[in-house]
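Please view the model first.

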Amino acid sequence: MSGADPSTLGSSAIRGVLWKLLGLLPEAAQLRLRPSKFGFAPADVPAPVEAPDAGIRLYLGPANSAGQGWAWARAAERNSDVGAVSMQYRAERDLGYPSDNDVPRAVVARSRTWGRRQFQAVAGRFTHVIAESQLPLFGLAFDNDPVREARALQAAGVRFASLCHGSDIRLPSRHRVHEPDSPFHADDAPLTLRLEEGAQRRAQILDELDGVEFVSTPDLLRDRPRALWLPVVVDPQRWAAARPPLEHERPVVLHAPSDVGLKGTELVRETLERMHEAGEITLRMPERMPADRVPAEVAAADIVLDQFSLGIYGVAACEAMAAGRVVVSHVSDFVRGHVRRATGSDLPIVEAPAAELEAVLREIIADRGRFRIQAENGVDFVRRIHDGRRSAEVLAAFLTAPEGS
């Protein structure tokens, strides 16, 4: 190494040895001496989770998508002698959904000590675990391997189940066969490739676990046919709006997708902007709203547009129905048929493939009385199917099943 400064080389070598020695120290000592390695301070590490005072103790996490982990925990507690704790990774910037056990992402990713203590707390104090989206619950304690986690929990006598939300398990190559407007027709697109690989990997994990499975939306039953549909949960009282819909001469149309690419926004953007410019509608398209702002935005609307490419309905559509808004979306015949068979009711979401949205909106504007009734049906549907009672019944089959069943 011609031209190198020997003193510099010596200093580098010494630093390397020091860092190696530092790596042999207990994690707590490393954290005090080199916090930049971890990305969090000792005060950021939460104490191990506490179990509720109940005969059946459920631990559910860590995705908490749209606050559903917390909502399902509350639904589970509708059952006798059940206490539940929802856990989530908490990022510095998130949308503010509630959970019972927040753990900073950096702690989950880099603290083996936290992971081991959290596992000991869950395995020793809880009777049931539901793991969302095949994400690791205990981080480095099991090297981020959800199968090893599940096996360790089962070996400790904990009943284990898996729960999938959507893109975690929805296989793009299967979806595009059934949906003409699927966002996955470009099979070489980076998003499609990433989701395909991820869904295949998670399906392999589920097959290896071979246990109880839940899915949050009926369309996912195409991907996991033996799973149980666990309806999403919303609070009807929180979403109730005093003003009936379609009272504005120029209806307020809200479209606030959580993911523009997956929800088909670009399929309808030109139509919506043109109708707005023509004075037929007032278009609202806010992006990435904090959770506490969403109810007011929905209540201020007359018509809420959900999605136009996936063929599903989920939390956002249920929230809008609970608010008594006219909900317009593309929901597949597969999903509508399953809902009808499972609940005895038709799904009160106005059907509108992207190509027909303009005609559907004009029909709503021209026949407001009929669609106000549709909106009222939506309120009733959410109160019967998505207020937590039905979800509690589905969870009871897992929580109260005899050992070994």
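Leucine 305 sits opposite valine 328, a residue of β11. The model is predicted. Strand β10 (residues 303–305) and strand β11 (residues 326–329) are parallel, joined by three bridges.

**The five-strand sheet**
- The strand order is β9-β8-β10-β11-β12, in an open sheet with parallel pairing.
- Its edge strands are β9 (282–284) and β12 (350–351), each of which pairs on one side only.
- Strands of a sheet pair through backbone hydrogen bonds, whether parallel or antiparallel.

**Strand β2 and its partners**
- Strand β1 (residues 56–61) pairs with β2 over five bridges, in the parallel sense.
- Across this pairing, leucine 58 faces alanine 84 of β2.
- How many of the nine residues of strand β2 are buried? Eight are, so β2 (residues 82–90) is largely enclosed by the rest of the structure.

**Cysteines**
- Cysteine 164 has 2% relative accessibility; it counts as buried because the cut-off is under 20%.
- Cysteine 318 has a relative accessible area of 0%, so this residue is buried too.
- The disulfide count is zero. A disulfide would need a pair of cysteine sulfur atoms within 2.5 Å.

Notes:
Residues numbered from 1 in each chain as written. Predicted model: local features only at pLDDT ≥ 70, side-chain atom pairs only at ≥ 80, totals over all residues. Heavy atoms only, no water. Buried < 20%, exposed > 50% of the residue type's maximum accessible area, 1.4 Å probe, protein only. Helix = DSSP H or I, 4+ residues; strand = E, 2+ residues; numbered from the N terminus. Pairing = 2+ DSSP bridges.
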